[in-house]
Structures are given as structure tokens and as C-alpha cells.
Amino acid sequence: MSNKSNIVRNDWKIEEIESLFQLPFNDLIYQSHSIHRNNFNHNEVQVSTLLSIKTGACPEDCSYCSQSSRNDTGLERERLLPIHEVVDAATLAKNNGATRFCMGAAWRNPTEKSLDHVIQMVEAVKALDMETCVTLGMLKPQQAEKLKASGLDYYNHNLDTSPEFYGSVITTRTYQERLDTLAHVRNAGINVCSGGILGMGETQRDRARLLQELANLPEHPGSVPINDLVQIKGTPLAGIDNLDPFEFIRTVAVARIIMPKAYVRLSAGRTEMNDEMQSLCFFAGANSMFYGERLLTTDNPEESHDKQLFARLGIQNETRKVSAP
Ligand code: SAM
Ligand code: DTB
Ligand code: SF4
């Protein structure tokens, strides 16, 4: 593979991305794996653990989400967790090999008071010598700066899908508002974590457009979560046709090729994937995943199963912290 494959570009054309999707599977995976090997230790996977710090009763109408108050999913709402519960969960995650702890809140945006509470959580988790990530909805510039000052390493805010398909999934916040939050996070000097969800009825062009939007940001996100829709009863997207697994793997491969230095995270949806599919995702360039039996409100594979899978594949947890210089 030529050195050209390592060049970080922010001017990807949709035709170039679509032609990657159209390659014969073996050619695509050969290319993405080669790029992966040029940029990363290909036998290591970064491991993050998630915790829902505030669950349910969200005012947004995201049609995939168990936590939207518009969706009758039977989820019990919970208040913002006390700090000691967060510290206990992070300690457990660290002892299980996670290097990053990600905290998610079902908010449209944080209030100043709730942000101060989250900042205490970030400081407490940092004190355990773990990387921190939070996902709290939309941020104002000065809120991003406050989070940066607290030592936060990553902010997760997904574009979710293409700008064209977006309106059929969410109507209560615009694509531009998402891009604005990403700009505030980037300008504050926090690493951006941004990706999307596949299997919501979008076309291949929508998947290509999502990746184009991410790759053509002023800087590639440090981390790109690729979620496979977790279908939740009571949400408008429950019952939709599943995405072809090969199309999911292709999307991971294209993300790896066009964002060669980003961590591509195999995120939600792993409970529906067999081990062979996950191993192909790692081969195609995925090098991060969520570890722990729970995502935010839904199940993730059992920890013992993931440990066994890593052992069978000769994969190791990445121990170096990604945000370290
Ligand atoms: N409320 C905040 C927000 O949306 O910005 C943060 C939490 S929200 C649950 C974080 C991300 O999780 C969403 O942007 C979406 O990409 C992903 N997600 C939520 N529900 C999902 C589902 N059922 N399947 C796959 N991904 C999901
Ligand atoms: C992301 O892209 N995926 C994670 C994390 N960022 C916050 C969330 C997945 C949620 C899956 C559904 C649930 O458990 O509620
Ligand atoms: Fe709320 Fe986030 Fe769920 Fe949308 S994805 S309903 S903003 S918790």
C-alpha cells in the first residue's frame, strides 16, 4: 500500500466514497486492512465502558431511542446519578481493562447546574487515571470550555446519518445544530467523538454521505462510533429490516480508509452480531469497542464472552491512553 493511503484528507468527494462502497468485498477489505496496519497496532483494540448517568424522559424525538419521552418504551426514568455510584462503576470498568469511561445523559442540552455536577463526575473519574468521555446533547461554546477546563478528554456527539435522511429520524434538533456543537467541542480543544447509526432504513448513499460529513470536518474526529441500530420496542424504528452484515462491514472499512488515523468504534448492536462478523469488523479496521454488559439502556455482550473472543483472535486491549501525548 502506498504512502498515499496515510494521507489525512478533508476533501472527500461523494463519488470517491461511493466507489469504495462498490468495490468487490475482498478488494475493499484488503485496502482498509492495509491502511489499518499502516496506522495502528492491528492486534490491539481500545476498550471503553459506558454508563447512563441520567436515564429517560428526554424531550428530543430521535426515532431510534429508548429514552425519548415521545416513545412508549416502558423505560423507567432516573435522576442524575450521585458521584459515588459513578466512581464505583468506573472503578469496576478500570479493573476489567477499560481505559476510557463514557458517561451519557438523556438531555437535549445540559443546564449550568447539571453541567457542574457532570464536571465533578469527570474530575472523579480522571482521578482514577482513566480517560473520560461524556455525551450530554448540545453544548454552548462556554460549556465546552468549562468541560475542557475540568480535564475532559472526549465529547461524543453523533451526526447519526446523512443530512438528507436526518429529517426522517429526528425533527427536534437540526443537523446544523449538531455540526455547531462539534465545532464548539473542537474549538475548546476537546477530542471529538462522532459517528452514526446504520440500519435505520437509509440508503448506501446516505451511509456514504454520513462518512463524507465526518471526514470533511475541519479535523477528523479522534473517535468514530459506528452503531448498528438496536431495535427497541415502542420506537418508530422497531421492526425495520436489518442491514446486511456485509454492508455494515463495508461501512467500517470505508470509514477506516477515509479517516485513516481515527479510532473506528464497533459500537451498539454487537449482541446481534456473531463472533465472525465482529472479527471481520476488526480486520476491516475497527479498533475500539464498548466493553461491559450494558450500553446505556440496552444489553452489550457479556464481558466473559468478549474476553474469550479477544483471546481466540489474539487481540489485546490497548493499554496506552489514546489522549496521552
Ligand atoms: N442525549 C444525547 C444526544 O443524543 O446527543 C446523548 C446520548 S445519545 C443516547 C448518544 C447516541 O447513542 C445517539 O446519538 C445515537 O447515535 C446512539 N443511540 C441511541 N440509541 C440507539 C439505538 N437504539 N441504537 C443504536 N444507537 C443508538
Ligand atoms: C455511541 O455512538 N453509542 C453509544 C454512545 N455513543 C453513547 C450509545 C449506544 C446506545 C445504544 C442504545 C442504548 O443502550 O440505549
Ligand atoms: Fe434524547 Fe439522546 Fe435519545 Fe435523542 S438520542 S432521544 S437526544 S437521549
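I will take the ligands one at a time and then turn to the salt bridges. Please keep in mind that this is a predicted model.

Start with ligand 1. There are 17 residues around ligand 1, and Ala105, Thr135, Asn158, Asp160 and Val230 come nearest. Which classes make up that shell? Nine of the residues are nonpolar, five are polar and three are charged.

Now the polar contacts of ligand 1. An oxygen atom of the ligand lies 2.7 Å from a side-chain N or O atom of aspartate 160. On the nitrogen side, the contacts go to backbone: a nitrogen atom of ligand 1 is 3.2 Å from a backbone N or O atom of tyrosine 64, and a nitrogen atom of ligand 1 is 3.2 Å from a polar backbone atom of alanine 105. As for cover, ligand 1 exposes 550 Å² when taken alone, and the protein buries 90% of that. The space that ligand 1 takes is the largest cavity.

Next, ligand 2. Here the shell has 13 residues, with Asn158, Asn227, Leu296, Thr297 and Thr298 coming nearest. By class, the shell of ligand 2 has six nonpolar residues, seven polar ones and no charged ones.

What do the oxygen atoms of ligand 2 meet? A polar side-chain atom of asparagine 158 is 2.8 Å from an oxygen of the ligand. Threonine 298 also uses its side chain, with an N or O atom 2.8 Å from a ligand oxygen. On its own, ligand 2 has 410 Å² of accessible area, and the protein covers 87% of it. The largest cavity is also the space taken by ligand 2.

Ligand 3 is next. Around it are Cys58, Glu60, Cys62, Tyr64, Cys65, Ser68, Ala106 and Arg173. That shell divides into five nonpolar residues, one polar and two charged. Ligand 3, too, takes up space that is the largest cavity.

Last, the charged pairs. Side chains of opposite charge can pair when their charged atoms come close. Searching the whole structure gives 17 salt bridges. One of them joins arginine 9 and glutamate 16, at 2.9 Å from N to O. Arginine 9 is partly exposed, at 24% relative accessibility, and glutamate 16 is partly exposed as well, at 28%. Another salt bridge is between glutamate 164 and arginine 209, with an N to O distance of 2.9 Å.

Note on methods
Residues numbered from 1 in each chain as written. Chains lettered and ligands numbered in written order. Predicted model: local features only at pLDDT ≥ 70, side-chain atom pairs only at ≥ 80, totals over all residues. Heavy atoms only, no water. Near = heavy atom within 4 Å. Polar contact = N/O pair within 3.5 Å; in protein donor to acceptor, adjacent residues only side chain to side chain. Areas by Shrake-Rupley, 256 points an atom, 1.4 Å probe, with all protein chains shown as cover. 1 Å grid on protein atoms, 1.4 Å probe; cavity = no way out; pocket = protein on both sides within 12 Å on 5 of 7 lines; lining within 4 Å. Sits in = over half its atoms within 2 Å of the grid points. Nonpolar A, V, L, I, M, F, W, Y, C, P; charged D, E, K, R; others polar. Salt bridge = Lys/Arg side-chain N within 4 Å of Asp/Glu carboxyl O. Buried < 20%, exposed > 50% of the residue type's maximum accessible area, 1.4 Å probe, protein only.
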